[in-house]
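Try each task on the structure before you read its solution.

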Amino acid sequence: MGPRNRCIVDNRVTRVAWLNRSSILYAGNDKWCLDPRVELIANTKTHYAIRINDVDVYDEGPYTCSVQTDNHPKTSRVHLIVQVPPKIIEISSDISINEGGNISLTCIATGRPDPTITWRHISPKEDLKLAPDRI
């Protein structure tokens with residue numbers, strides 16, 4: 001289930017709408033966007049809400065609830081931040097090198113916020129020291 005954007009309104013409201021940047025998503029009960037993931041889940045005298053299913057990074061940004069009460073428009077804005085789990089997309093292959101040589105190891109990862117990459121050397125000597133404790 002995607003995030004819900006809720007707008008609390010009062011009973012004097014004559015018009016309501018949800019916008020993403022400058023694009024209208026819903027005006028009252030009428031859907032103005034073509035995206036099937038966006039749906040209206042509430043339109044009552046006090047509650048106007050939409051849901052976005054299967055959110056991706058392109059949905060990030062400002063969403064505006066616009067209401068008109070006695071011909072006076074009012075807006076409220078919420079900013080949607082989409083997080084993406086970290087993923088390693090490229091890492092160096094196994095390699096052999098002669099003692100005293102130089103080596104460069106590469107690791108490329110993606111995610112939101114940007115992941116922090118750390119390298120750790122796992123020494124065979126450390127593994128041997130730990131082995132008796134595992135018995």
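**Exercise 1. The core**

Which residues have the most contacts inside the largest nonpolar core, and how many residues does this core have?

*Solution.* First, a note on the model: it is predicted, so local features need pLDDT of at least 70 and side-chain atom pairs count only at pLDDT 80 or more, while totals for chains, interfaces and linings use all residues. Residues are numbered from 1 along each chain as its sequence is written, and side-chain values use heavy atoms, with hydrogens and water left out.

Step 1: settle the terms. Buried means under 20% relative accessible area, exposed over 50%, and partly exposed in between (1.4 Å probe, protein chains only). A nonpolar core is a set of buried Ala, Val, Leu, Ile, Met, Phe, Trp, Tyr and Cys residues joined through side-chain atoms within 4.5 Å.

Step 2: read off the core. It has 14 residues, and those with the most contacts inside it are Trp18, Leu25, Tyr26, Val38, Tyr48, Ile50 and Tyr63.

Step 3: Two or more residues each come from β2 (13-20), β3 (23-27), β6 and β7. Strands (E, at least two residues) and helices (H or I, at least four) are DSSP runs numbered from the N terminus. The protein has ten strands and one helix, in the order β-β-β-β-β-β-β-β-β-β-α.

*Solution.* Step 1: recall the rule. Side chains of opposite charge can pair when their charged atoms come close. Here a salt bridge is a side-chain nitrogen of Lys or Arg within 4 Å of a carboxyl oxygen of Asp or Glu, and the count comes to four.

Step 1: find the partners. Arginine 37 meets aspartate 35 at 2.7 Å, N to O. Arginine 37 also meets aspartate 59, at 2.8 Å. This second pair links distant parts of the chain, with arginine 37 in the loop between β4 (30-31) and β5 (38-43) and aspartate 59 in the loop between β6 (47-52) and β7 (61-69), 22 residues apart.

Step 2: check the surroundings. Arginine 37 has a relative accessible area of 19%, so it is buried. Aspartate 59 is buried as well, whereas aspartate 35, at 25%, is partly exposed.

Step 3: Glutamate 60 forms a salt bridge with arginine 112, with their closest N and O atoms 2.5 Å apart. Because glutamate 60 lies in the loop between β6 and β7 and arginine 112 in strand β10, the pair ties together parts 52 residues apart in sequence. Glutamate 60 is buried at 18%, while arginine 112 is partly exposed at 34%.

**Exercise 2. An open strand and a nonpolar patch**

Why does strand β9 (residues 84-91) lie largely in the open?

*Solution.* Step 1: count the buried residues. Of the eight residues of β9, the number buried is zero, so the strand lies largely in the open.

Step 1: find its neighbour. β9 pairs with strand β10 (residues 107-112) in the antiparallel sense over five bridges; pairing requires that DSSP finds at least two bridges between the strands. Isoleucine 88 stands opposite alanine 109 in β10.

Step 2: look for the patch. Ile88, Ile91, Ile95, Ile97, Ile103, Leu105, Ile117 and Trp119 form a nonpolar surface patch with about 790 Å² of accessible area together. Patches are made of residues with over 30% relative accessible area and no salt bridge, with like charges joined within 9 Å and nonpolar side chains (Val, Leu, Ile, Met, Phe, Trp, Tyr) within 5 Å. The areas come from the Shrake-Rupley method with a 1.4 Å probe; for residues, only the protein chains shown count as cover.

Step 3: zoom in on one member. Isoleucine 103 sits in the loop between β9 and β10 and is partly exposed at 44% relative accessibility.

**Exercise 3. Backbone exceptions**

Which bond joins arginine 112 and proline 113, cis or trans?

*Solution.* Most residues other than glycine have a negative phi, and most peptide bonds are trans.

Step 1: inspect the bond. The peptide bond between arginine 112 and proline 113 is cis, with omega about 0°. Proline 113 lies in the loop between β10 and α1 (124-134).

Step 2: look for positive phi. Arginine 21 has a phi near 55° and is found in the loop between β2 and β3. Aspartate 54 has a positive phi of about 55°; aspartate 54 is exposed, with a relative accessible area of 63%.
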